[in-house]
Each structure stands twice: as C-alpha cells, then as structure tokens.
Amino acid sequence: MTRISDVITKIEEILMIILMAAMVIIVTFSVAFRYFFNSPITWAGEVSIFLLIWVTFLGGSWGLKYNSQASITFLMDKVTGNQKKILMIIQLLSMILFLGVILFFTYKWIFLPSVHIQKSSSLLLPMWIPYSAVPIGLSFAAIHLIARLSPASIKREGAE
Amino acid sequence: AGCGNSKEKTTGSSSGNKSGEKQTFKLAHITPTDHMWHKAAEKFGEELKSRSDGRLELEIYPASQLGTEADMVQQIESGSIDFGLITAAYLSARAPEFAAWFMPYGFTTLEEANEARKSDISKKILSSLEEQGLKGLDYLFAGQRVMIFKDKQVKTPADMNGLKLRVTPSPPMQDFYRSTGAAPEGLPLPEVYAAIQTGVIDGMDMDLDATITNKYYEVAKYGAVTNHMVWPSVVIANQSKFEGMPEEDRKIVTDSLEAAIEFAVTTRSAQEEEFKNELSENGMEIYEISPKEFKKQIDEFDQIYSEKSPLIKEFIKTYRK
Amino acid sequence: MTFIIIGIFIVLLLIGIPISMVLGMITVIYFVLVGDSSLLESTPMRLYSGLENFGLLAIPLFMLTGEIMNEGGITSRLVRFSRVLLGHIRGGLAYVTVVSNMFLASILGSANAQAAMMSKVMVPEMEKEGYTREFSSALTLASSIVAPIIPPSMIFIIYGTLSGTSIGGLFMAGIIPGILYGLAFIALISFLGYKMNFPKSERASFQEIRKNTWNVLPAMLVPFIIIIGILSGIFTATESAAVACLFAFIVGSFFYREFNWRKFPKILISTVINTATVTFLITMANIFGWMIAFEQIPQILVDVMLGISENPFVFLLLVNIALIVIGMFLDGIAALIILIPVLMPLVTAFEIDPIHFGLIVCINLTIGLLTPPVGTGLFIVSSIAEVKIEKLMRATMPFLAVAIVILFVITYWSDAVLFIPKTFGL
Ligand code: NA
Ligand code: NA
C-alpha cells in the first residue's frame with residue numbers, strides 16, 4: 001500500500017505541474033486575447049475552473065498524505081508514545097470511514113446516466129471529465145490514508 | 001438554532017403518500033427574494049395550502065442556497081428536493097431542445113410567450129426531460145431580454161460590431177450575439193457592475209428587473225428595450241415521485257402552479273412601463289430598436305437551430321411570423 | 001440532536017483531524033442520523049460545484065505570484081528599501097517591520113504566509129539590534145494582519161465569491177483600512193519606543209537610498225499593476241492575478257535575475273498544495289453550508305436577530321463580538337465559509353453595504369489569527385521565531401488591543417472603507 005501511495009503521489013505531482021501551468025497560461029491569454037485581439041476566448045473561464053477543481057482534489061489528497069492540512073494540534077502535541085499512536089489510528093480510521101461513505105456515493109453518482117448526458121455550457125465538453133476530479137482525488141486520498149495506517153508509518157509519524 | 005427539526009418534517013423522500021396525508025414540499029431556485037420567480041414560488045405555496053386545506057405546504061430555498069442549477073437538478077433526481085425552477089438556459093445543456101425558446105424575436109410580448117407554453121410543441125420539449133427521470137411540469141417566465149450599452153447608442157446590429165458584451169454563457173444566446181459581430185463574454189454576474197463601469201465590457205444582455213436591482217443604470221447610459229428573447233424557467237420535479245403521488249394531489253400541484261405562473265406573468269407585464277420609467281428617471285436613455293434591423297441575424301439563427309433538432313425546427317416554424 | 005452533532009464536531013476537531021475533513025464528516029454523520037439517503041446521493045455533486053466559481057481562480061494565481069516573487073528575491077529587497085528609509089529613527093527597525101509588511105502585503109494575500117516569511121527575516125534582524133525576541137516576534141505577527149487587508153487578499157476573494165460581492169470592489173475597499181492599520185501600529189511603536197528606549201541604526205547615505213529605491217521599483221510594479229488594472233478596467237480581479245504572475249515572473253527573471261527556471265515545477269507544486277489547503281477546505285465547508293441551508297438555519301437566525309434589534313449599529317456590534325469569540329477557536333477561512341451563507345440574509349435585512357460588511361468580517365477573522373487558543377498566526381510565529389506561545393501572547397496584547405480598536409473604527413466609519421470603491425464605482 002505504501003508503494004502504491006508513493007506512485008500515486010508522483011502522478012499527483014506531475015498532474016499538479018501540468019494543470020497549474022495550463023491554468024496560468026489560459027487565464028493570461030484570455031486577458032491578452034480580449035485586449036489585443038478583441039476576441040475573448042469564451043471557453044477560458046470554464047476550462048480554468050475545471051483545472052482549479054482538479055487541482056483542489058489532487059492537492060487535497062496530497063495534503064492528507066503528508067498531513068499538511070490545517071488541524072487543531074492541541075491534544076496531539078500533549079500526548080506521547082502509545083497514546084499518540086492510538087490517537088493517530090483513531091484519526092486515520094475515522095477519515096477512511098468517512099471517505100469510504102463519500103466514495104460509495106460518488107461512484108454511484110459519476111456512473112449515473114444523467115451525468116453522462118451533461119455537457120459544459122461553452123465548450124460542450126462532457127461533464128464527467130471535470131466531475132471525475134471528485135472520485136479520483138478522493139480515491140487517491142483514501143489510499144494515502146490507508147498507507148499511513150501501516151505500522152512503519154505510524155511509528156515514524158508518532159516519533160515526530 | 002438547531003438541526004433537530006427535520007424529524008417532524010415529512011421530507012419528499014418518504015414516498016407513497018396517500019391522499020389526505022400532510023406533506024411539506026421543498027422548492028429551490030436561483031433568484032433573490034425580490035425577484036418575480038420567488039414571488040411566484042410564494043404564490044405557489046399559498047395556493048397549495050389553500051387548495052389542500054392546509055395539508056400540502058411548501059418550503060422555499062431561494063438564491064442558490066442549495067447550490068447551482070446543476071446541483072438543484074441533481075437533488076431533484078435524488079429526491080432530496082421536490083421542485084426546482086431551472087432556467088431553460090441551463091437545461092439546454094442537458095436537453096438541447098430547450099434552445100428553441102431562445103429564438104430571437106419569437107414573441108412580441110410576455111403574454112404571447114405565456115400562451116406558447118401551453119402548446120403541444122412546448123409540452124413535447126418538456127417531455128424531452130423524461131429520459132433523465134425528470135418531470136418538466138411547466139414554464140415560468142421572467143422579463144424579456146433587453147440590451148444595455150455603456151456609452152454607445154446602438155441603433156442597428158452594425159453598431160454592435162466589436163462590442164464586448166456580457167451574455168449568459170448559453171450557446172443559443174451567445175450565437176445570436178456573435179452573429180451581430182459582438183464579442184459575448186460569460187462574466188460572473190457579481191463582476192458585471194464593476195466590469196461595465198471600468199470598461200471591461202461595453203454592455204450586456206439583461207432584463208429590466210436586474211438592470212434596476214443591480215443599479216446598472218448608474219454605469220450604463222443606454223437601454224435598448226429590444227425584448228428580443230424570452231427568459232423561461234422550467235418547473236421540474238422527480239418523475240417517478242411525481243407520478244407516484246395520488247391523483248388528487250397531482251391535480252392540486254398542477255393547478256396551484258398554473259395559478260402562480262399566471263400571477264407572475266400578469267404582475268410582470270403590468271410592471272413593464274413602470275420599469276422603463278424608473279430607468280429613464282435614473283438617467284438611462286430608454287429606446288427601442290426595430291426587430292427588422294435584426295432580420296439577417298434572425299434568419300441565421302433559424303437556419304442553424306432548425307438543423308439541430310426537428311423539435312426546434314417545429315417550434316420555430318410555429319412561432320416565427 | 002443538535003447537541004449530539006455539536007459534541008461530535010468538537011471531539012473530531014480536538015483529536016486533530018484536519019478541519020476540512022471534520023466539516024465533511026459532520027455533514028455525513030448528520031445525513032446518516034436523519035436517515036435521508038437522498039441527501040448523501042447529492043453530496044458528491046455539491047463537493048464539485050462549490051468550487052465552480054471564477055473568483056476562486058484568483059487564489060492559486062495570487063499564491064503563485066507570491067511564490068515567484070519570493071524566489072525572485074523580492075522580500076529581501078522590500079526590507080532593505082524600508083530600512084534605508086526608516087532605519088535611523090528611534091525604533092527604526094520596528095517601523096521597518098511594519099512598513100515592509102505593508103509593502104509585502106500588496107503582493108501576498110495571506111497573513112499566515114506573510115507571518116512565516118517575515119518572522120524568518122525580521123525577528124533575527126531586530127534581535128541583533130537589541131530588541132527583545134518577544135517584542136520582535138509579536139510585532140511581526142501583528143503586522144502580518146495587513147497582508148489580507150491590503151489587496152490582493154485570499155479572504156476577500158472567498159468572501160466575494162460566497163456572498164456575490166465584487167472582488168475588485170473589496171480589494172479597493174481594503175486600501176484605506178490597510179493603511180490605517182499600518183499607521184496605528186506605527187503610533188503604538190512610537191509610544192512604546194519612548195517607554196522602552198528602542199535602538200536606532202545609522203542613517204543611510206543618499207547613494208544607498210537611490211540604489212535601493214531603484215532596486216525595489218520593479219517589485220512595486222506588481223501591486224501597481226493589480227490596482228491600476230482593476231481601477232481602469234483592463235481586467236477583473238481574477239485576471240489581475242494572472243497578469244501579476246506574469247509580471248512577477250518577468251521581474252524575477254529579467255530585473256533581479258534570481259528566478260531559476262529549474263525551480264519552476266517545484267513552485268507549481270507548492271502553489272497547488274497551498275491552494276488546496278484553502279480550496280479543499282472550501283469544498284468540504286460547502287457541503288457543511290448546504291446542510292445548514294437545508295435546515296433553514298439562516299432564516300431562523302434572521303428572525304432571531306431582527307427580534308433582538310432592528311438597528312444596524314447594534315447588529316454590527318453583535319456580529320463583531322460573536323466573530324471575535326468564534327475567531328478564538330476557528331480558523332478564519334473556515335469560519336468565513338461556514339458563516340457567510342448564514343450572515344448574508346441578515347446583511348440584506350439590515351441594509352448594510354456588502355462590501356463594508358465584508359471588510360468588517362474579514363478583518364475581524366484575520367485578527368483571530370492572533371488570538372489564543374487557536375491562532376494559526378500565533379503558532380507559526382512562535383515556532384519559527386522560537387518563542388514560547390504564552391510569552392508571545394503577552395507581547396502581542398497591546399497590538400491586539402489596537403487591532404480591535406481599529407476594527408471598531410472601520411465598523412462605524414463606513415466612509416473610510418467605501419471611499420475608494422465608491423469613487424471608482426466598484
Ligand atoms: Na495583500
Ligand atoms: Na484565534
């Protein structure tokens with residue numbers, strides 16, 4: 001699991017670079033096109049929002065792997081040793097449970113026929129493409145969290 | 001305040017209600033509470049209550065409280081809300097036939113459009129939603145579309161050439177504007193005021209209602225009351241849930257809806273002159289452009305969209321005079 | 001039921017689960033408890049569509065601008081510039097901290113990012129000149145709150161998108177309050193300076209001043225572009241972020257020649273990660289807000305508040321007090337996301353200008369970064385500058401008091417906030 005999680009992290013990082021660069025280029029060009037060529041790129045807004053959503057779920061998943069999201073560390077800073085490990089296991093299990101429930105409904109949703117007929121308003125791109133950010137990002141996140149449950153990982157994080 | 005009051009509420013999810021049972025429906029829409037659609041929703045609620053002797057009630061979630069239109073439709077599909085007022089502009093991304101309603105200069109007045117909603121062809125368009133498990137109950141209109149310009153009095157489509165105009169990002173609307181030579185942009189609504197003030201855009205496609213409530217008259221000098229397109233929303237419900245309702249309740253719902261829609265059209269039509277005057281008084285030059293000027297654009301639209309679907313073709317044939 | 005939910009919420013937060021996940025979890029728990037699976041079926045769509053907002057795009061773009069400017073050597077130039085201008089006055093380096101924070105604020109949009117950066121740079125410098133470490137870090141921490149007040153600003157972007165208020169208008173409204181904060185801290189330093197006999201450094205030569213001014217000019221182009229661009233209508237607030245990125249890049253690689261292309265992928269990754277800590281929180285808070293809307297809590301609250309008083313002055317006082325308390329316990333952005341859908345109907349009911357209200361709420365919640373027990377700014381500075389939280393808290397108190405006084409000035413002096421946006425019609 002740890003290996004899978006690491007491979008996924010690599011994929012996430014490559015996607016982050018590509019998508020983020022694309023976002024900057026698209027928004028900058030859309031300003032330029034409107035001003036210098038007087039012909040707005042009508043799909044620019046739509047596509048850059050899709051990129052933002054993808055980036056959010058990939059980055060969110062990455063943040064769960066490295067535990068870098070904002071949290072209240074009060075209690076975690078107070079406890080040590082086994083108590084800390086138990087607390088970490090509780091945290092991870094409850095997040096995995098939560099993601100499990102969400103993922104069940106997310107996959108149910110993404111495969112709905114009514115999702116497959118939806119198209120974006122200006123590019124007429126099938127909406128399942130941007131929508132997939134949710135199931136893929138959250139699946140990645142769940143894998144990272146499961147990997148963090150491994151004894152080696154618990155030991156390493158507990159020592160920090 | 002607490003989250004505990006939903007136990008008593010009979011949410012729509014409890015299916016198979018028999019007639020005689022109390023029920024509270026949930027209705028969601030995107031407009032603020034001073035908009036005609038919200039008032040129509042309130043009227044719908046009152047009618048439901050009185051026609052059912054207090055048995056059927058309505059809770060309204062205005063102003064996109066429950067999410068975007070895509071969300072609302074999804075929530076109707078899943079059954080967590082019962083009714084939605086969904087713009088035809090959004091629905092045309094899911095059921096392309098709804099684009100028919102955006103035929104430019106199809107209807108001269110709101111009343112005409114309101115009559116058109118009762119026709120067979122309009123009902124056929126509604127039933128195109130059924131393959132998605134949605135029941136299109138009826139249409140509800142808001143004020144027709146007008147054109148607002150910052151500092152150029154547009155008298156013919158030729159004057160629109162090269163203008164940057166804010167237009168709802170819906171293909172038929174944007175296609176119409178593109179055919180005049182304008183550059184349509186789908187700027188988010190909250191940015192529109194600043195964008196026209198500073199010149200990011202030269203004008204917009206709007207209705208008189210929003211021109212007043214968002215004070216666009218402060219930043220735009222010309223208002224061309226073209227009334228070139230109608231702006232329908234579609235009242236939708238979950239098909240299997242609606243059809244599972246007892247006959248009697250279904251009738252109460254459709255009758256109440258009919259009353260609310262008529263109420264909205266009558267009220268809004270009566271306001272047309274009042275709105276124009278209010279804008280004039282606030283320094284906006286209100287004028288009209290003859291539909292004849294747009295002959296070329298109308299023909300182009302009719303041709304392109306007639307090819308898109310036989311339903312659209314039939315719709316255009318029926319209403320183009 | 002309400003109490004069970006609140007209880008679970010607190011427990012989940014306390015055991016250290018990320019706030020974003022807690023917001024999502026509590027929503028799912030609630031839906032399971034009420035036994036309505038149709039709500040669970042709609043949840044994934046809500047997770048997606050809460051981010052479907054053009055305004056939010058400005059977040060990664062401004063974050064990227066900050067990253068590029070940093071790599072391009074901007075922070076050090078801003079500090080050096082303020083230093084040759086003000087270093088020779090009594091308490092000079094303290095003023096330098098405030099002023100360079102204000103400069104940096106016109107490029108960065110997050111108080112936490114700015115507190116982290118400035119405590120690395122300023123605290124050691126000030127200590128070297130004889131200021132106590134507690135005072136130096138408290139000053140750095142307090143000054144960082146101007147970061148989101150002076151445009152650009154993450155929290156204004158989020159407020160703008162949640163409430164449907166013009167982001168450009170909010171940015172412009174932040175200028176005067178931002179300067180007010182700077183002046184208030186400067187006044188406080190000069191008062192403390194006499195009492196505590198602050199040190200001063202040598203006066204810079206004219207040549208040095210000229211050289212540093214020249215050096216800092218390209219950097220100051222970035223905020224200039226943002227403000228002029230928005231005011232003149234060349235671009236929207238979101239687009240200004242993309243243009244600022246481009247300029248930061250040009251300044252960093254052609255003027256300062258410090259920007260290294262090979263670092264670019266790394267910068268992009270760290271931008272995404274920093275963005276996602278905010279936007280992932282937004283998406284989770286969004287389903288939480290949806291649950292609150294479903295229970296019609298905003299409407300209930302409107303009735304309660306209107307029952308207490310119909311006076312907008314009283315309402316704003318109550319809002320401020322409530323937010324200061326909430327800000328003690330909750331991260332500013334999380335609090336904003338939860339509260340805005342609840343508060344906006346009240347703003348309409350009390351006929352308050354939504355831009356003015358945005359400034360009040362955002363500044364209030366930013367001050368919350370300084371307040372214990374949960375103050376991210378406090379934690380960041382305490383760990384980077386290596387000062388005990390308790391000592392840092394004590395040293396921050398005078399600044400906190402001044403910050404709250406200014407907050408109330410801004411609350412009741414709406415002209416100070418609305419002058420610039422009104423003048424330019426934003
Ligand atoms: Na800033
Ligand atoms: Na706090």
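Colleague: What makes up the area buried between chain C and chain A, and how much is it?

Modeller: In this predicted model, the area buried between chain C and chain A comes to about 4800 Å², and carbon and sulfur atoms give 82% of that area. In terms of residues, 53 of chain C are in contact with 53 of chain A.

Colleague: Which elements of chain C give two or more residues to the side that touches chain A?

Modeller: They are helix 1 (2-14), helix 2 (19-34), helix 3 (37-49), helix 4 (58-71), helix 12 (237-255) and helix 13 (264-294) of chain C. The largest share, 13 residues, comes from helix 13 of chain C. Sorted by class, this side of chain C has 38 nonpolar, 12 polar and 3 charged residues.

Colleague: How do you know that Arg46(C) forms a salt bridge with Asp71(B)?

Modeller: The closest N and O atoms of Arg46(C) and Asp71(B) are 2.6 Å apart, and the limit is 4 Å between a side-chain nitrogen of Lys or Arg and a carboxyl oxygen of Asp or Glu, so the pair qualifies. The rule finds 1 salt bridge across the interface of chain B and chain C, where the count of residue pairs in polar contact, both at pLDDT 80 or more, is 9.

Colleague: Which elements of chain B give two or more residues to the side that touches chain C?

Modeller: Strand 2 (56-61), helix 2 (69-78) and helix 7 (189-198) of chain B do, and helix 7 of chain B provides the largest share with 6 residues. This side of chain B divides into 14 nonpolar, 17 polar and 5 charged residues. The contact as a whole takes 36 residues from chain B and 37 from chain C, and it buries about 2900 Å², of which carbon and sulfur atoms give 57%.

Colleague: Why are Glu47(B) and Lys43(B) separated by about one helical turn?

Modeller: Glu47(B) and Lys43(B) are separated in this way because they stand 4 residues apart in helix 1 (residues 36-51) of chain B. Their closest N and O atoms are 3.3 Å apart, and since the cut-off is 4 Å, this pair too is called a salt bridge. Over all chains, the structure holds 34 salt bridges.

Colleague: What makes the contact of helix 7 with helix 8 in chain C, and how do their axes cross?

Modeller: The axes of helix 7 (residues 111-128) and helix 8 (residues 133-143) of chain C come within 9 Å and cross at roughly 145°, and the crossing is right-handed. Among the residues that meet are Met118(C), Met122(C) and Met126(C) from helix 7 and Phe135(C) and Leu139(C) from helix 8. By class, the residues of this contact are 6 nonpolar, 4 polar and 2 charged.

Colleague: What makes the peptide bond from Pro151(C) to Pro152(C) cis?

Modeller: Its omega is near 0°, and the bond is accordingly given as cis. Pro152(C) lies in the loop between helix 8 and helix 9 (154-163) of chain C.

How values were computed:
Residues are numbered from 1 along each chain as its sequence is written. Chains are lettered from A and ligands numbered from 1 in the order in which they are written. This is a predicted model: local features need pLDDT of at least 70, side-chain atom pairs count only at pLDDT 80 or more; totals for chains, interfaces and linings use all residues. Side-chain values use heavy atoms; hydrogens and water are left out. Axes are lines fitted to C-alpha atoms, for helices over the stretch in contact, and angles run from 0 to 180 degrees between N-to-C directions. A crossing is left-handed if the near helix is turned anticlockwise from the far one by less than a right angle, and right-handed if clockwise. Contact means heavy atoms within 4.5 Å. Ala, Val, Leu, Ile, Met, Phe, Trp, Tyr, Cys and Pro count as nonpolar, Asp, Glu, Lys and Arg as charged, and the others, Gly among them, as polar. Buried area is the accessible area (1.4 Å probe) that two parts lose on being put together, summed over both. A polar contact is a pair of N or O atoms within 3.5 Å; within protein, one must be able to donate a hydrogen and the other to accept it, and residues adjacent in sequence count only if both atoms are side-chain atoms.
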